[in-house]
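Trainee: Please take a close look at one part for me, the nonpolar and aromatic side chains. How are they arranged?

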Amino acid sequence: MVATLVVTLPSDFKGGAITIEHQGEKLQFGANKNSLSFLAFYAYCKHEVRPVTAGYRVVLTYNLMISKRKKSKEPAIKTDPKAVAKIAAELGKYFESPASTPARRQDAEDENEWMGKLVFLLDHQYTERALGWDRLKGDDAVRANALRDAASAAGCEATLALAEIHESWECYDQQDYGGGSRWNRGWDDDDDNFDDELDDEDPDDADEESHELGSLIDSDTTLDRWLDPDTGALEGIHADVDLQEIGFAKPNDELEPQSSEYEGYMGNYGN
């Protein structure tokens, strides 16, 4: 299963809006009393159906599945040869540079214990079952395919892995510092139901975004699953990743964390 499709049948009701969170955005979708409405979203997206306050909401819900999967299937995306050649040249410079040799290389008892690596973080979330070259989403598929071709040209080995990232940030209460909390972007149509649904918005939802991030205090990244380059099977690993080994297109603070904890002001300890 990779996604969910919700088909709302024409009916007269109030409330019942669907709220979906994806890549730091929270969007709300209504329905139309005179025509079908279709809504599809990735399986990992957090979502909620608001209570129906009047009338009847009738929907058909489908699980969108990939029926057949071949291990390590080649992605059907063409890459620009000039771009791949440029990336390959940069990979060569990276692995030849002293900056790509973390301090633990010198601390290793055996040179073979250290393996030079470059980890490029993708923008979307993936589960273990959804990790595969043929299942990458959006721009992730384009970037990963280009990196894979460039790695081959540079004599490097490329694979996909699941990364777990822990970060500690300074955090400020927006009410104390005058910051404005983000508000949900809404979907609009000619149906009156949608305006009624927005009026039903729970004011407590805003509390989740009532704090403003300050400076990054600490960060650590580990890899715990990867596709074996030889077999294409998902294998368990444990690899710590140094800051100088990480590249990305979108900074972590622009993405929605899977979970977070907030600890209030601690006196001299800080925020």
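**Nonpolar and aromatic side chains**

Mentor: On the surface, Leu60, Tyr62 and Leu64 make up a nonpolar patch with about 250 Å² of accessible area together (Shrake-Rupley method, 1.4 Å probe, only the protein chains shown as cover; patch residues have over 30% relative accessible area and no salt bridge, with nonpolar side chains joined within 5 Å and like charges within 9 Å; a salt bridge puts a Lys or Arg side-chain nitrogen within 4 Å of an Asp or Glu carboxyl oxygen). This is a predicted model, where local features need pLDDT of at least 70 and side-chain atom pairs 80 or more, while totals for chains, interfaces and linings use all residues. Numbering starts from 1 along each chain as its sequence is written, and side-chain values use heavy atoms, without hydrogens and water.

Leu60 belongs to strand S8, residues 59-64 (a DSSP run of E, at least two residues, numbered from the N terminus). Its relative accessible area is 37%, so Leu60 is partly exposed (buried is under 20%, exposed over 50%, partly exposed in between).

There is one aromatic pair. Tyr94 and Phe95 form it, edge-to-face, with 4.8 Å centre to centre and 80 degrees between the planes (centres within 6.5 Å; under 30 degrees is stacked, over 60 edge-to-face, the rest tilted). Tyr94 counts as buried because its relative accessibility is 17%, whereas Phe95, at 32%, counts as partly exposed.

Technical notes. Rings of Phe, Tyr and Trp (its six-membered ring) pair if their centres lie within 6.5 Å; planes under 30 degrees apart count as stacked, over 60 as edge-to-face and the rest as tilted. Buried means under 20% relative accessible area, exposed over 50%, partly exposed in between (1.4 Å probe, protein chains only). Helices (H or I, at least four residues) and strands (E, at least two) are DSSP runs, numbered from the N terminus.
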